[in-house]
Protein chains: 2
Amino acid sequence: MSEFYTKHQATLHKAIEVKKTREYWSAYPEMPSRKIYGEDAAKDGLAAFEAQLNNDFKLDNKHPNDLGLLGAETSPFGFELNIKYPAASPTALIAASKEAGKSWAKLSLNQRAGILLEILSRINANSFEMAQAVMHTTGQAFAMAFQAGGPHAQDRALEAVAYAYDIMSEIPATASWVKPQGKHDPIKMQKSFRLIPRGVSVVIGCSTFPTWNSYPGMFASLMCGNTSIVKTHSGAILPAAISVKLAREVLAEAGIDPNVVVLAVDTSDAPITKGLVQHEDVKIIDYTGNSAFGTWIENNAPQAQVYTEKAGLNSIVIESVDNMRAASGNIAFSLSLYSGQMCTTPQNIFIPKDGIETSDGHMSFDDVAKAITVSISKLLGEPARANGILGAIQNPATYERAMAANDQTDGDIMLTSLKPENQEFADARQAGPVIIKLDASQKDIYETEKFGPISYLIACDDADQALELAASGAKNHGAITTAVYSMKADFIEQAEDAFAEAGVALSCNLVGNIFVNQSAAFSDYHVSGANPAGNACLADTAYVANRFRVAASRKLV
Amino acid sequence: MSEFYTKHQATLHKAIEVKKTREYWSAYPEMPSRKIYGEDAAKDGLAAFEAQLNNDFKLDNKHPNDLGLLGAETSPFGFELNIKYPAASPTALIAASKEAGKSWAKLSLNQRAGILLEILSRINANSFEMAQAVMHTTGQAFAMAFQAGGPHAQDRALEAVAYAYDIMSEIPATASWVKPQGKHDPIKMQKSFRLIPRGVSVVIGCSTFPTWNSYPGMFASLMCGNTSIVKTHSGAILPAAISVKLAREVLAEAGIDPNVVVLAVDTSDAPITKGLVQHEDVKIIDYTGNSAFGTWIENNAPQAQVYTEKAGLNSIVIESVDNMRAASGNIAFSLSLYSGQMCTTPQNIFIPKDGIETSDGHMSFDDVAKAITVSISKLLGEPARANGILGAIQNPATYERAMAANDQTDGDIMLTSLKPENQEFADARQAGPVIIKLDASQKDIYETEKFGPISYLIACDDADQALELAASGAKNHGAITTAVYSMKADFIEQAEDAFAEAGVALSCNLVGNIFVNQSAAFSDYHVSGANPAGNACLADTAYVANRFRVAASRKLV
């Protein structure tokens, strides 16, 4: 298996270098291009996906399977996947995982890194099949499903491997310790240090980003010598199942027990997650999902290291704007992309009630609101483009919430949800952003997370109050991203201070083809771990450093 | 304050280097030598200590002090210290700490590192006074109090600073991110990364190692920009108070609010620790002490990062011995040193019931037992030497437990506790090890921690059972150290595997002047964090990586 390391070592070491410079880099090309992925890649990926529909998903015979076959996924684009997956109980999964862990823990760092990068390389080669799988479980439009579910997720996995490899390889296998004793002979000891894994890890995936949010914890744990139980959301199993299958193929080729990586599936009426996370042998848990269950895990799995990404109140603060058309176009895209189902989508847009300055003169609050709603309407006015941006809505409850928001009476409806014509998927569950005007006093409404395509334009006394409300909302309720528009350098500085204290990643004056929702591997720290939106960052040193321990032995020489 | 960094940077960078090579190094000389510490250092240190007795301990006026003066320390060597310390409520301490944190967080890494190393340098210069303070609160004999309470503790503090500085300085302050866009202009962003502290930290000291066990958490938190509330054990306040006083002097000289470091004292009838650790503004807790309270903190302070060192069942496994006199002499010292009050003292000695092989032939179980008890009796037979090794017993309850063990009937008493004559301190609370023979079946007795000078010789079916019992005891109940004696390379390997899995630091075939109890800064990882003896290691990357977070800001260029 050492050839895997040889094959991928340059990629690994480049990743280690770039996570320190935090410059732009990507190991896996984000363009769904024939030149890169092969002439037939798109066609083959679609065919592989279609062949899977109405079929049983095959994993090798070693995979635990005491619960038969399970699965009831529905594409948000309007059809049943009807795929059944090998299902196993927590007991069977953990037993298989523990057994496989014995040999996995004994591999060298290079052996493990080589295998993991080979897995990523195979996943990358299957990016078109993955794009279909992600699209038809999450509702992401194809282009986004390809990028976020494919290369971007693979980059985040590689980043996690790089962080873990980097700090583990800093610890010497042996040390010679020679302590002077004055006139006497020195005391000489030979010390050896062994990196020991925590044990079994469980990664709990979400229904909207089943690869991007699951790979970092999974690959970080694996690099540190732990085994991984990949617990999928019952609505988005296929992307994880493909990943697990490819991982197991590489493990088996390397002569390793493939149960180092196992798939855990359940249905919404018979969930197994609580049984998994509270099992005494589960030592690491990575969770992405809603805040209530994430907080429950943080407080109810004391036997495990717990890493969470939950939800929050992302915001935009508009103090002044250079070019409103450029800014509102950028904001419109951020609110529309994947119908607001990103953990980085802005919900609350704070605007001074007396309006703002722009390079073209003063704009009233209503002018600003109109600039945003007009931009959204234009962006989504052309059906093909709208479908490509909005995708479909994963969860019927999210859709219902958006529909209900169209009719609510707490504030003025500035824009109701648009539904583009969709010739390809007539039954797609789709909805553009609902935009509602609120007053700063209506905290009870805007300080509750409304996951999906609902955003508020909040009229504030002034820009200082806007900033204060955005920062305090983040601090108290969590937030992952925030955007600020201001032509004043001192206001930007004030915002940097406020959002640093609140632990939110800030984007300033974004226009053009870069959006507050986007978080780039190797460069952007995703989630600060410093507010209630999550206790961990994808990825940093803290994310990996406690997934292994050091056991020492020393002898006199 | 930049001159502090200039003065100490070579020391800091040497520490960073050595924590990676894990070779022998010490920044602060462990010899209580006049040549090193000055002709009058010993005399001055004693005078400073004596001047403090029956007096109020003075901290500057800025220190919170809403609870008046408190303190009721008694020297285990038999007299009241009668020192009163400025006392403050959790509310007052946290308010002062938060306020001071505002400016502390803004300092550069070099500024903070310079100040912290200057504090350590001042503490080092006061090592003789510290030795008296540690001796007369913990009961450590002078030589040990000097080393463990002084230079060794200072080295551990420096190590923690080095770990924190190293990973923090890896994160760039800014990055230029340029993403190609095919034929179009690249997207160029300027990103900035700010290291943000968690906030207020609390370090909870123990009564036996009030500096060695408190400095690492305190200095790690401070290096990461947090403030530190130093909560002392009510029986061992003075060493922490001297440390806090020196820290505050350096902070004030540097123009920093001295409340970055504050002292928290209480009495056993009015404890404040729970109020401190559950306060919503306390974000980091370092704890050393008994397992029950440590586990309570782990489970009841969800708002904080919690790092614990608790208790466990350290062991020795004797499979075979080359030179029994050398081995038993080494073991005798380990059991006797500080009357078994170290978290690294062996409690359970597992020996095959049919005896063992040595280079001088077979020895029966009773022969091995006798070799150990005779070595202890010889070691403690000379009063001056015995007093220098045993010191005194910190807690009356520990003493009572040892006395009760002398009379117990669960197993054969192989040696009762020796009390050396003590001319200097006639009222010292002293007791040598009680050695009791048990059978391997008597787990209910030996799998309970008996803190202090009580050790068991446990008759096992064979060496494999001895190893299995030692390792499973560590895994299930925690352990920090273990020692193995064997002439067989394959048994040593088997032990290395078993204790690595149990997360215990192993010492093999120790003889001469190096002991299983000793843990050297920069080289030995103290506590693995992988068994119930504690969740953290002094020190490793995991110990520091989550004491700060990263806040990012990005702008288009």
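## Exercises on a predicted two-chain model

Ile115(B), Glu118(B), Ile119(B), Arg122(B) and Ile123(B) of H5(B) meet Ser243(B), Leu246(B), Ala247(B), Val250(B) and Leu251(B) of H10(B), where contact means C-beta atoms, placed from the backbone, within 7 Å. This is a predicted model, with local features needing pLDDT of at least 70 and side-chain atom pairs pLDDT 80 or more, while totals for chains, interfaces and linings use all residues. Residues are numbered from 1 along each chain, chains are lettered from A and ligands numbered from 1, in the order written.

**Exercise 1.** Work out how H5(B) and H10(B) cross.

*Step 1.* Helices here are DSSP runs (H or I, at least four residues), numbered from the N terminus. The axes of H5 (residues 109-125) and H10 (residues 238-253) of chain B come within 9 Å and cross at roughly 135 degrees. Axes are lines fitted to C-alpha atoms over the stretch in contact, with angles from 0 to 180 degrees between N-to-C directions.

*Step 2.* That angle makes H5(B) oblique to H10(B); oblique is what remains after under 35 degrees (roughly parallel), over 145 (roughly antiparallel) and 65 to 115 (roughly perpendicular).

**Exercise 2.** Find the relation between chain A and chain B.

*Step 3.* In chain B, Ala542(B) comes closest to the rotation axis, at 3.2 Å (C-alpha).

*Step 4.* The copies meet through the same surface, because 100% of the interface residues of chain B are also interface residues in chain A.

Methods: Helices (H or I, at least four residues) and strands (E, at least two) are DSSP runs, numbered from the N terminus. Two residues are in contact if their C-beta atoms, placed from the backbone, lie within 7 Å. Copies are superposed by least squares on the C-alpha atoms of residues with pLDDT of at least 70 in both.
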